[in-house]
Amino acid sequence: SQLFTKDLHFDGVPVRIHLPREPSASKRRGVIFIHGGCGIFGSIRSYERICRYLARKSDSVVVSVGYHLAPEHKYPAQTLECLTATMHFLKTAETYGVDPARIIVCGDSAGGTYTASVCQELGHRTDIPKICAQVLIYPFLQALNFNLPSHQKNAAVAFLSRERTVHFILKYLNKDCSLKEPILAGSHVPESINLKYRKWINPDLIPGMFKQGYKPPLPTLFLPQVHEEVQELFEPWFSPLLAEDAVVCGLPDTCIVTCEHDVLRDDGLLYKKRLEDNNVRVTWHHVEKGFH
């Protein structure tokens, strides 16, 4: 009863917009919400409650993006649709009573990946309003190293185990699932790429309090044929942690939420460090008893 809800299309992308019914003396904040689900699950409908809650509690106009799912819609269709919907809302915000200077992009899990990619893509654009902030809720941010402390600690944690994470990645990219074991071992990454990105993806960068019981993995044999099959994993759109500093320094204020019992915890911690190293303001919330 407090919200007016409408299904629309933003340049062909399905969205559901939640507007508070109560009149506002000034233009409201806007939230673009991008749902999780590994790019293969989830929908506007399955995230209805959280989006309504956000709209009510923050007195904001919330746009839930219904990007089309893989594998029927091939990567990077999901990223592109989130980008299209975001740009449309930034340009038309005032139509919905929203201040274009007060729009945040928010997403959980794979939605956090798309949020990070959209903000990286638009960070240096001057032809549309700037995104005010990004909120990354236990985001997936890299596919190079599946042996970080959080991967080891939470390898068998239910809902999102370490093995299931890579299984879903392969399903999302429509690849053969027999590639799972070599990717888990790190055999898809040549030494040159490991060396290049060691400054950003490295267990040494994880604070000591998160490394209890961590054992560095044994060296693995590089398999060129596996590397060739999964080139997408090395693109910043898929692994936003691989974006160059010139891109990262243009990002908006950021809120990162990590959970202790989550294989993706360290992705969030590594991105937090990258942002801070590039003078981006970061607010970090760590949920000690939280899980993915």
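Okay, so buried here means under 20% relative accessible area, with exposed over 50% and partly exposed in between, using a 1.4 Å probe and protein chains only. Lysine 272 comes in at 18% relative accessibility, so it counts as buried.

Quick caveats: this is a predicted model, where local features need pLDDT of at least 70, side-chain atom pairs count only at pLDDT 80 or more, and totals for chains, interfaces and linings use all residues. Residues are numbered from 1 along each chain as its sequence is written, and side-chain values use heavy atoms, with hydrogens and water left out.

Back to the lysine. Lysine 272 sits in helix H10, residues 265-277; helices are DSSP runs of H or I, at least four residues, numbered from the N terminus. Skip the neighbours within four places in sequence, and lysine 272 contacts Ile256, Val282 and Trp284, contact being heavy atoms within 4.5 Å.

Now, the cavity. By that I mean a set of points, on a 1 Å grid over the protein atoms alone, where a 1.4 Å probe fits but cannot get out; lining residues have an atom within 4 Å of a point. Searching the whole structure turns up one cavity of 30 Å³ or more.

What lines the largest cavity? There are 16 residues, with Cys38, Ala110, Thr113, Phe140 and Ile169 nearest the centre. Helices H3 (110-122) and H5 (162-172) are the elements giving two or more residues to that lining, and H5 gives the most, with four.

Methods. 1 Å grid on protein atoms, 1.4 Å probe; cavity = no way out; pocket = protein on both sides within 12 Å on 5 of 7 lines; lining within 4 Å. Points joined across faces, edges and corners; volume = space filled by probe spheres on them.
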